[in-house]
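This report describes selected local features of a predicted model.

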Amino acid sequence: MIDLDSDWKDAAAVLLLLHGGKVESREPVGRANLAAARMTLLATALRRALPLPVASVRYRVRGWNDEDGTRTPDPVRDALDALETMERELGPVPVVLVGHSMGGRTAARVAGYPTVRGAALLAPWLPPDEAVAPLAGRSVLIAHGRQDRVTDPERSVAFAARAGAVAEAVELKLFDDGHAMLRRPGVWTRLVADFAGRVATGP
């Protein structure tokens, strides 16, 4: 699900937020879902920090649901649907993806969509074999808390090194925080706002 405003057609870029989830779950994502609520808070902060519109995707179900790699993961389908809707309703407005946890992996998967200019992966879930090819020619921010016990910051380091071979630019930020982005929310907001501002205005 995604809500858009027709006035966004003239924006320098639109931020598209992708929340986290679970490895396996067919449970619908309700309005009380904590992962979605976390991104709602970030969206509010980003609207204060940036003169850019912010949209959020709420997945149909909570899970990645592709444990054996034989199907398109559910959040990837939802993110692609959102990108297609944005392009159809807004035209070729540049998009900056912002994904947390499973949403970070989702952003990495769909970054090759034509309107995407950059992707910010926050505490992303990145298995060692996650492909970097969709990030070709894109600007990438990878931010991870060193105290994260849910997703591994070392995997973000390794992914950043691989992504550097194909992406236009890769920024890697490691700092003291956990997975939920609650200890230093202002740091996460500033990192994303600075990154999105640069992507929107060009090199």
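In the predicted model, Leu42, Ala45, Leu46 and Ala49 of helix H1 are in contact with Thr189, Val192 and Ala193 of helix H5. Sorted by class, the residues of this contact comprise six nonpolar, one polar and no charged residues.

Two packed helices are described by the angle between their axes and the distance between the axes. Helix H1 spans residues 34-49 and helix H5 spans residues 185-201; their axes come within 10 Å and cross at roughly 55°. H1 and H5 are therefore oblique to each other, and their crossing is right-handed.

His144 belongs to strand E5, which covers residues 139-145. The relative accessible area of His144 is 0%, so this residue is buried. Its side chain forms a polar contact with the side chain of Asp148, at 3.0 Å.

Leaving aside residues up to four places away in sequence, His144 touches Ala123, Pro124, Thr151, Asp152, Pro153, Ser156, Lys173, Leu174, Phe175 and Trp188. One of these, Trp188, falls within the residue range of helix H5 (185-201).

## The loop at Gly164

Gly164 is located in the loop that lies between helix H4 (153-163) and strand E6 (169-175). With a relative accessibility of 45%, Gly164 counts as partly exposed, whereas His144 is buried.

Between Gly164 and Gly104 there are 60 residues of separation in sequence and 17 Å in space, taken from C-alpha to C-alpha.

Key:
Residues numbered from 1 in each chain as written. Predicted model: local features only at pLDDT ≥ 70, side-chain atom pairs only at ≥ 80, totals over all residues. Heavy atoms only, no water. Axes fitted to C-alpha atoms, helices over the stretch in contact; angles between N-to-C directions. Helix = DSSP H or I, 4+ residues; strand = E, 2+ residues; numbered from the N terminus. Parallel < 35°, antiparallel > 145°, perpendicular 65-115°, else oblique. Left-handed = near helix turned anticlockwise from the far one by under 90°. Contact = heavy atoms within 4.5 Å. Nonpolar A, V, L, I, M, F, W, Y, C, P; charged D, E, K, R; others polar. Buried < 20%, exposed > 50% of the residue type's maximum accessible area, 1.4 Å probe, protein only. Polar contact = N/O pair within 3.5 Å; in protein donor to acceptor, adjacent residues only side chain to side chain.
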